Amino acid sequence: MVAGLVALALATTVAIVSVTSVTIARHRLVALAEATALHAADSFDPSRVSRAGSEAVPPLTDEGVRRSASEFLNAHPALPMAQVSLLSADTPDGRRARVLLRGVWTTPVWSEFVPITLPLQAESLSRSVIR
């Protein structure tokens, strides 16, 4: 009976550690996607800024957003997980930058009860505003 309770306690501990780890990894991937989208939203050519009413409109291109997002990820010193890739980076309307990242979470403690790896995705949308 004691051995069963110890096994149950260990399984519960491993599950809690794994759930906490995957939650932290997901938050870090979302934060990285937000930072990447923010950087990509600033990738416009200042000479092509136009005015719409009282607001200046910075024009974004898919190629500029993709290049800026890729450069940002390559220059980032510490990625939140080992396998982070840029799935897509584009501009849906020429004013906002959209970035989709994929990462692979690896369990900190191996167990029969939790998967060894789990794919994660994070998407972020950012816009530059010039007033």
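**View 1. Ala40, a buried residue of helix H1 in a predicted model.** Ala40 has a relative accessible area of 0% and is therefore buried, since that term covers values under 20%. The residue belongs to helix H1, which spans residues 2–41. Beyond its neighbours within four places in sequence, Ala40 is in contact with Leu60, Val65, Ser68, Ala69 and Ala97. Pro59 lies 19 residues from Ala40 along the chain, and the C-alpha atoms of the two are 12 Å apart.

**View 2. The largest nonpolar core.** This core holds 22 residues. The members that touch the most other members are Leu29, Leu32, Val65, Ala97, Val99, Leu101 and Leu120. Two or more residues each come from H1, helix H2 (62–75), strand S3 (83–90), strand S4 (96–106) and strand S5 (117–127). H1 gives the largest share, eight residues. Val65 and Ala97, both named above, are also contacts of Ala40.

**View 3. The surroundings of Leu101.** Residues up to four places away in sequence are not counted here. Leu101 touches Leu29, Leu32, Ala33 and Thr36, among others. Its contacts also include Leu73, Ser85, Leu86 and Leu87, as well as Leu120, Gln121 and Ala122.

**View 4. A nonpolar patch on the surface.** Met1, Leu5 and Leu8 form this patch, and together they have about 400 Å² of accessible area. Leu8, like Ala40, lies in helix H1. Leu8 has 52% relative accessibility and so counts as exposed, the cut-off being over 50%. Helix H1 thus holds both the exposed Leu8 and the buried Ala40.

Note on methods: Residues are numbered from 1 along each chain as its sequence is written. This is a predicted model: local features need pLDDT of at least 70, side-chain atom pairs count only at pLDDT 80 or more; totals for chains, interfaces and linings use all residues. Side-chain values use heavy atoms; hydrogens and water are left out. Helices (H or I, at least four residues) and strands (E, at least two) are DSSP runs, numbered from the N terminus. Buried means under 20% relative accessible area, exposed over 50%, partly exposed in between (1.4 Å probe, protein chains only). Contact means heavy atoms within 4.5 Å. Patches are made of residues with over 30% relative accessible area and no salt bridge: like charges are joined within 9 Å, nonpolar side chains (Val, Leu, Ile, Met, Phe, Trp, Tyr) within 5 Å. Accessible areas come from the Shrake-Rupley method with a 1.4 Å probe; for residues, only the protein chains shown count as cover. A salt bridge is a side-chain nitrogen of Lys or Arg within 4 Å of a carboxyl oxygen of Asp or Glu. A nonpolar core is a set of buried Ala, Val, Leu, Ile, Met, Phe, Trp, Tyr and Cys residues joined through side-chain atoms within 4.5 Å.
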